[in-house]
Amino acid sequence: MGSETELTFLINYLSSKLSTVAVWPVKYFSAFSVIYFFLLLMYFRSKPESGKTRTKLTVHELKAFVQQLYSLPCLISQTRLVKELLDSVEEFNERGKEALSDKIPDSSKLQLLIELGSELDVELQELPKLKQHLQQARWLDEVNLTLSDPDRVMLDTMKKLIDSGIALAPHPAVEKAMADLQELLTVSERWEEKAKVCLQARYEK
């Protein structure tokens, strides 16, 4: 049998044994409960995805895991910890959706959420999106900082910001900032060209 089939067999076997808990001595019941818990966890973690063995549960698997633990005819001490993990994951997902819906990405909020999500031993679908939004937020922060003192903005600086902005994923706030930068760059280049013409005319006299 394959490793996943073997785990399934062991889990089903232990589950049937746990259902007869009333006739078990306490010391055996406790040992079987712990073994069952870890076998169940190994089963969820060993499920392949794209030919690779994953090291983290998906949110869906975590929910199924919690449901399985609560359906047992006995109490496993680790159940509360797993349920707390699920609660933390669900709270993270809610906060993540809220952050992703912000009209202007907030770099501080996104950074805190990413750090929180990285500590959760679960595959989080929102995490890559949050990291993408963090890149956008940091770029917007850089744009705002640069344009906060327009008298010192250099053409090369604006060009670099535009180049780095092109590499970002689409976002309304980024697109607006890009348009503002491009307009400012175009106006600045026109004034620079006029200044060069004036200087050239002056030297030719």
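How much accessible surface does the protein have, and what share of that surface belongs to carbon and sulfur atoms? The total comes to about 13,600 Å², and carbon and sulfur atoms hold 56% of it; areas here come from the Shrake-Rupley method with a 1.4 Å probe, and for residues only the protein chains shown count as cover. The model is a predicted one, so to speak of local features takes pLDDT of at least 70, and side-chain atom pairs count only at pLDDT 80 or more, while totals for chains, interfaces and linings use all residues. Residues are numbered from 1 along each chain as its sequence is written, and side-chain values use heavy atoms, with hydrogens and water left out.

On to the overall layout. The protein has eight helices and four strands, and along the sequence they follow the pattern α-α-β-β-β-α-α-α-β-α-α-α. Both kinds of element are DSSP runs numbered from the N terminus, with helices being H or I runs of at least four residues and strands being E runs of at least two. Of the 205 residues, 35% count as buried; buried means under 20% relative accessible area, exposed means over 50%, and partly exposed is in between (1.4 Å probe, protein chains only). Among contacts with a separation of 6 or more, 63% join residues 24 or more positions apart, a contact being heavy atoms within 4.5 Å.

Next, the nonpolar cores. A nonpolar core is a set of buried Ala, Val, Leu, Ile, Met, Phe, Trp, Tyr and Cys residues joined through side-chain atoms within 4.5 Å. The largest one has 22 residues, and L62, V89, F92, L124 and L130 touch the most other members. Elements giving two or more residues to this core are α3 (59-70), α4 (79-100), α5 (107-119) and α6. The top contributor is α4, with six residues. As for F92, its contacts beyond four places in sequence are L113, L116, G117, L120, L124, E126, L127 and L130. There is also a second, separate core of 15 residues, which includes I162, A173, A177 and L185.

Helix α5 has a clear buried side. Its 13 residues should span 18 Å at 1.5 Å a residue, and the end C-alpha atoms are 19 Å apart, which agrees; the expected span is 1.5 Å times one less than the number of residues. The buried residues of α5 are S107, L110, L113, I114 and G117. They cover an arc of only 130 degrees around the axis, so they sit on the same side of α5; the arc is that of the directions from the helix axis to the C-beta atoms. These buried residues pack against α4 and α6, whereas the face turned away from the buried side carries the exposed residues L112 and E119. At the start of α5, a side-chain oxygen of D106 reaches to within 3.0 Å of the backbone nitrogen of S108. That pair falls under polar contacts: N or O atoms within 3.5 Å, where within protein one must be able to donate a hydrogen and the other to accept it, and residues adjacent in sequence count only if both atoms are side-chain atoms.

Then there is α6 (residues 126-147). With 22 residues, α6 reaches 31 Å from its first C-alpha to its last, close to the expected 32 Å. Its buried residues include L127, L130, L134, W139, L140 and V143. H133 is also in this helix, and it counts as buried because its relative accessibility is 11%. Beyond four places in sequence, H133 touches L100, P105, L110 and H171. T146, another α6 residue, counts as buried too, at 19% relative accessibility. The side chain of T146 reaches the backbone oxygen of E142 at 2.8 Å. Leaving aside neighbours within four places, T146 is in contact with V153, T157 and L161. D141 and D106 lie 35 residues apart in sequence, with 9.0 Å between their C-alpha atoms.

Finally, a loop residue: where does P170 lie? P170 lies in the loop between α7 (155-166) and α8 (172-204). With a relative accessible area of 70%, P170 is exposed. Not counting residues up to four places away in sequence, P170 touches Q136 and E175. The C-alpha atoms of P170 and Q136 are separated by 8.9 Å, and the two residues are 34 residues apart along the chain.
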